[in-house]
Amino acid sequence: EYAEALYGLGSIQQVRGEFDAIDSYYRAARVNPRYISVLYSLGIALQASNFMEKSIDALQKVVELQPDN
């Protein structure tokens, strides 16, 4: 699936410390806005890049989609 491929790309980019990971995660989230792993990884990547407000937004979506976890 396309969102999964973008998530995989973002994961590789994040491990390499590449800023492009954020773009890949955003693209994956646009394809599947309920993809928990993408939203979580996006939040972590944004936090690591000091985009705290955007990080909180992404992580809040994770909480909203999984309120019991």
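Start with helix H3: the cover over its buried residues includes H1, H2 and H4. The model is predicted, so keep that in mind at each stop.

**Stop 1: helix H3.** Now colour the buried residues of H3, which are Val-38, Leu-39, Ser-41, Leu-42, Gly-43, Ala-45 and Leu-46. After H3 comes Asn-50, with a positive phi near 65 degrees.

Stop 2: In soluble globular proteins, nonpolar side chains tend to be buried together. Here the largest nonpolar core has 15 residues, and Ile-22, Tyr-25, Val-38 and Leu-42 have the most contacts inside it. Helix H1 (2-15), helix H2 (20-31), helix H3 (36-48) and helix H4 (52-65) each give two or more residues to this core. Select Leu-42 next. What does Leu-42 touch, not counting residues up to four places away in sequence? Show Ile-22, Tyr-25, Tyr-26 and Ala-58 to see these partners.

**Stop 3: Tyr-7 and Tyr-25.** A search of the whole structure finds three aromatic pairs. In one of them, the rings of Tyr-7 and Tyr-25 are tilted, because their centres are 6.1 Å apart and their planes stand at 40 degrees. Tyr-7 is in helix H1 and Tyr-25 in helix H2, 18 residues apart, and the pair links these distant parts of the chain.

**Stop 4: Tyr-35.** Tyr-35 sits in the loop between H2 and H3. Its relative accessibility is 17%, so Tyr-35 counts as buried. Leaving aside neighbours within four places in sequence, Tyr-35 contacts Ala-3, Glu-4 and Tyr-7.

**Stop 5: Phe-19 and Phe-51.** Select Phe-19, in the loop between H1 and H2, and Phe-51, in the loop between H3 and H4; the pair ties together parts that are 32 residues apart in sequence. Their ring centres are 6.1 Å apart and their planes at 55 degrees, so this pair is tilted. Phe-19 is exposed at 52% relative accessible area, and Phe-51 is partly exposed at 33%. Finally, show Lys-54, which lies over the face of Phe-51 at 5.8 Å from the ring centre.

**Stop 6: Gln-13.** Go to Gln-13 in helix H1. Gln-13 counts as buried because its relative accessibility is 10%. Leaving aside neighbours within four places in sequence, its contacts are Glu-18, Asp-20, Ala-21 and Ser-24.

Methods:
Residues numbered from 1 in each chain as written. Predicted model: local features only at pLDDT ≥ 70, side-chain atom pairs only at ≥ 80, totals over all residues. Heavy atoms only, no water. Core = buried A, V, L, I, M, F, W, Y, C linked by side-chain atoms within 4.5 Å. Buried < 20%, exposed > 50% of the residue type's maximum accessible area, 1.4 Å probe, protein only. Helix = DSSP H or I, 4+ residues; strand = E, 2+ residues; numbered from the N terminus. Contact = heavy atoms within 4.5 Å. Phe/Tyr/Trp six-rings, centres within 6.5 Å; stacked < 30°, edge-to-face > 60°. Lys NZ or Arg CZ within 6 Å of the ring centre and 35° of its normal.
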